[in-house]
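I opened this notebook to record what I looked up in one protein model. The entries follow the order in which I looked.

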Amino acid sequence: MKNQKMYEADDKMISLIRDNYDLLQMLGAFGIQLGFGDKTVQETCESNGVDTYTFLSVVNFTINGSGEYERTFSNEKQVYADERLSVPTLIHYLEASHAYYLDFQLPFIRRELTECLNEKDSLGQLILRLYDEYSHEIRRHMQYEQKTLFPYVRALLAGKTPNEYSIETFSKHHGAADKKLRELKLLIIKYLPNDGLHNNMLTATLHDIYDNEQWLYQHSMVEDYIFVPAIRRLEQLTKQNGVTRNISDMVFKGNGQSNEALSDREKDVIVALVQGMANKEIADHLCISINTVITHRRNIARKLQIHSPAGLTIYAIINGLVDISSVKL
C-alpha cells in the first residue's frame, strides 16, 4: 500500500520509490535513471536535468490525488499554475508517458490477450475487437496532443501567440475513452477458460488492464490539474509580453510601427477615444457620421496594431496627442 504523504526535495529518492513502487514508470518518463543510490530527490533530479519542483508536484499529486493535494495547499490559490512549474519538464514527461503507453503497454496487453484467448472463438474475437477499438481511441487522443497541443505550447514558450488554438480547446474535449474498457473488463471476468493455465493467464492480464486503467486516469488528472492550468498561465504571460512589446515599440519607434502615418482626423478620433467618448459622441464632436468614425477606428487599429482603449491611451500620451490630466481613467 502506498504511503500517503507529501514528499519534499530533501527526502531520499529510494524512500519515495520503496513506498510507492508504481512510480517506477514515472521516473523513466521524467528521464531519471535508476542507480541513484542514497541521493535525495533534489540531488537525483538535478543530476538528471529534471526540475525538482515540477517532479514533486506530479509525484505528490499522483500519490495523494487532487483532493488531498488541494487541502494541503488550501491557502494557495492557483497552486498548480504557479510560476515554479517548468512547462518544458511537463511536456517532456507527458511525451515520454505517451511513448511508454503507446509503444509498450498497449501492445504488451494485446499480446497477453492473444496468448490467453482463443481467437477462433466468437467471444474471444469480441474481446480482442473491443480492446483494439479502445487502443485506437487512446492512440488517436495522444497523437492529437503530439501533433497539435505540444507544438502549440512550444510556440508559446518561444514567445509566439498562435491565434487559431488555445488550451481551452484541448480542455473542453479532454477525456478518457473508458466506456469500451469497462465492457472489456466485464467480458473478461465472465469469460474464464476451464483449464487452470489459461484461467491464470487471463486473470493476470485482467490485473494488468486494471493497473493501466488507473495509470491512464492519473495521467489524465495530471494533464487536467497541473498541465492545463500551467498553460493557461503561460498564455496569459505571453499575451502580457505581447502588450509590453507593443508599448515598447511605441516608446522607441513612435509612429514607425506602420509605413502609413496617421491622418489628422485619425489623431482627433484617438484624442476623443482616450477622453472617454463613445462613437456617437465622437461623430457629433467632429461633425462626421458614425460610420466614418468606425472606419477611422478600423484604420487606426490597422496602422498601429493597437486594439484596446488602454493601448491607444498609452500611445496618445507617449506621442503628445493628449496630456495625461485630460485622460479619462
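**Basis.** I worked from a predicted model, in which local features need pLDDT of at least 70, side-chain atom pairs count only at pLDDT 80 or more, and totals for chains, interfaces and linings use all residues. I numbered residues from 1 along each chain as its sequence is written, and side-chain values use heavy atoms, with hydrogens and water left out.

**Whole chain.** I looked up the secondary structure and found 13 helices and 0 strands. Helices (H or I, at least four residues) and strands (E, at least two) are DSSP runs, numbered from the N terminus. I noted that 41% of the 329 residues count as buried (under 20% relative accessible area; exposed is over 50% and partly exposed lies in between, with a 1.4 Å probe and protein chains only). The protein exposes about 18100 Å², and carbon and sulfur atoms supply 52% of that area (Shrake-Rupley method, 1.4 Å probe; for residues, only the protein chains shown count as cover). I also looked up contacts (heavy atoms within 4.5 Å): among those between residues at least 6 apart in sequence, 69% join residues at least 24 apart.

**Largest pocket.** I recorded about 570 Å³ of space in the largest pocket. A pocket is an open set of points on a 1 Å grid over the protein atoms alone, where a 1.4 Å probe fits, with protein on both sides within 12 Å along at least five of seven lines; lining residues have an atom within 4 Å of a point. The volume is the space filled by probe spheres set on the points, which are joined across faces, edges and corners. I found 23 lining residues, with Asp22, Gln25, Asp211, Asn212 and Trp215 nearest the centre. H2, helix H5 (87-116) and helix H9 (196-253) are the elements that each give two or more residues to this lining, and H9 gives the largest share, 9 residues.

**Leu94.** Is Leu94 buried or exposed? I found Leu94 in helix H5, and Leu94 counts as buried because its relative accessibility is 1%. Leaving aside neighbours within four places in sequence, Leu94 is in contact with Phe150, His219, Glu223 and Phe227. I noted 9.5 Å between the C-alpha atoms of Leu94 and Gln146, which are 52 residues apart along the chain.

**Tyr21.** I located Tyr21 in the loop between helix H1 (13-19) and helix H2 (24-30). Tyr21 is exposed, because its relative accessible area is 60%.
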